[in-house]
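Please keep the sequence and the structure in view while reading.

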Amino acid sequence: MKNYFAESSHLTTNDFIGVVIWYAAFIPLCLISPERLQKPFVISFVLFASSCVGLLIWGVENAHGPGSMFHKPASTPSIGWGMIYGISAILGAWGAGTLAQSDWTRYANRPLAPTLSQLVAAPVTITVTAIVGIIVTSAANDLLGEIMWNPIYLLAAIQEEYESSSRTRAGVFFAAMGMVATQLAISVVLNSVSTGMDVAGLCPKYINIIRGSYIMAFIGFCSQPWQLLATATKFLSVLSGFGIFMASLTSVPPFSSFVHFPRPSSML
C-alpha cells in the first residue's frame with residue numbers, strides 16, 4: 001500500500017487505517033454503561049480463548065509436541081532467582097489492573113461477589129494463558145525458526161510461512177479477531193471506564209462516566225501514540241518499570257483491610 005504520510009511523521013497509511021478502524025470499534029463501546037459490559041466481556045473472552053486454543057492446536061499438531069525448547073536445559077544461573085523474576089514480572093504487569101478492581105467491584109450486588117473472580121478466575125486465567133503462550137512459542141520456534149512472544153507478529157509470520165493461502169488468511173483473520181476483541185476489552189476496562197470515573201469525580205455536574213471516556217479517547221488520539229512508539233523509547237521503558245512499584249502496592253489494600261484495620265464479621 002502506498003504511503004501518503006511523510007517519513008518524519010512515523011506513520012504509514014496502513015497503520016493510520018488501522019487506527020481509524022480501531023477507533024470505529026472502540027468508540028461505540030464507550031456508550032455502554034459499566035454495569036452492562038458483562039455480556040461484551042463474555043463475548044471477548046470466548047473469542048480470545050478460541051484464538052488461544054486454535055494457536056495451541058496449530059503449534060502442537062505441526063510440531064508434534066510442545067517444541068524443543070521444553071527439552072533444553074535451564075540457561076539461568078539461578079532457577080530460584082529466575083522464578084522470583086517471573087513472579088515479579090507477572091505482578092508488575094497485573095498490578096495496575098489489580099489496584100483498579102475497585103472501579104468494578106462497586107457494581108457487585110453483594111459484598112462477597114467479587115471474591116470468586118479475584119481468588120480463582122484471575123490466577124487461573126493468567127496461569128493458563130502464560131502456559132499456552134510458552135507452548136505455542138516453543139512449537140512456533142521449531143516451525144518458523146524464530147522465537148516470537150508477540151501473538152500479532154506470530155500470526156503475521158504464519159501467514160507469510162504458508163504464502164498467504166486462502167485457508168491461512170481465514171485462520172489468521174479469525175485468530176486476530178480474538179486478539180483484537182481482548183484488546184478492546186482491556187482498553188475499555190483499564191482506560192475508558194477508569195478514566196471516565198476519575199474525570200466524572202472531578203466535575204460530576206457536567207461530566208459522567210461516558211463523557212469522561214470520550215474525553216480520554218479524544219486526548220489519546222491527539223497525543224499521537226505512534227510518535228511515542230517510534231521516538232519515546234526511554235519514556236516507554238520508564239512506564240514499563242512502573243509496574244515494579246505497582247506490584248508492591250497491591251499488598252497494601254489487603255493488609256490494611258484484614259490485618260491492620262480488620263472489620264467486624266457483621267460488616268462482611
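A nonpolar patch is built from residues with over 30% relative accessible area and no salt bridge, whose nonpolar side chains are joined within 5 Å. The model examined here is a predicted one. On its surface, such a patch is formed by Ile 43, Leu 47, Phe 173, Phe 174 and Met 177, which together have about 500 Å² of accessible area. Two elements, α2 (38-63) and α7 (166-202), each give two or more residues to the patch. Helix α7 supplies the largest share, namely three residues. Met 177 is located in helix α7. Its relative accessible area is 35%, and Met 177 is therefore partly exposed, since this class lies between under 20% for buried and over 50% for exposed.

The second topic is the aromatic rings. A pair of aromatic rings is described by the distance of the centres and the angle of the planes. The model contains three aromatic pairs, and the table lists two pairs that involve Tyr 23.

| Pair | Centre to centre | Angle between planes | Type |
|---|---|---|---|
| Tyr 23 and Phe 26 | 6.5 Å | 80° | edge-to-face |
| Tyr 23 and Phe 221 | 5.5 Å | 85° | edge-to-face |

Tyr 23 and Phe 26 both belong to helix α1 (residues 13-30), where they are three residues apart, about one turn of the helix. Phe 221, by contrast, lies in helix α8 (residues 209-222), so its pair with Tyr 23 in helix α1 ties together parts that are 198 residues apart in sequence. Phe 26 is buried, at 5% relative accessible area, whereas Tyr 23 is partly exposed at 22% and Phe 221 is partly exposed at 33%. Tyr 23, Phe 26 and Phe 221 form one aromatic cluster.

Notes. Residues are numbered from 1 along each chain as its sequence is written. This is a predicted model: local features need pLDDT of at least 70, side-chain atom pairs count only at pLDDT 80 or more; totals for chains, interfaces and linings use all residues. Side-chain values use heavy atoms; hydrogens and water are left out. Patches are made of residues with over 30% relative accessible area and no salt bridge: like charges are joined within 9 Å, nonpolar side chains (Val, Leu, Ile, Met, Phe, Trp, Tyr) within 5 Å. Accessible areas come from the Shrake-Rupley method with a 1.4 Å probe; for residues, only the protein chains shown count as cover. A salt bridge is a side-chain nitrogen of Lys or Arg within 4 Å of a carboxyl oxygen of Asp or Glu. Helices (H or I, at least four residues) and strands (E, at least two) are DSSP runs, numbered from the N terminus. Buried means under 20% relative accessible area, exposed over 50%, partly exposed in between (1.4 Å probe, protein chains only). Rings of Phe, Tyr and Trp (its six-membered ring) pair if their centres lie within 6.5 Å; planes under 30 degrees apart count as stacked, over 60 as edge-to-face and the rest as tilted.
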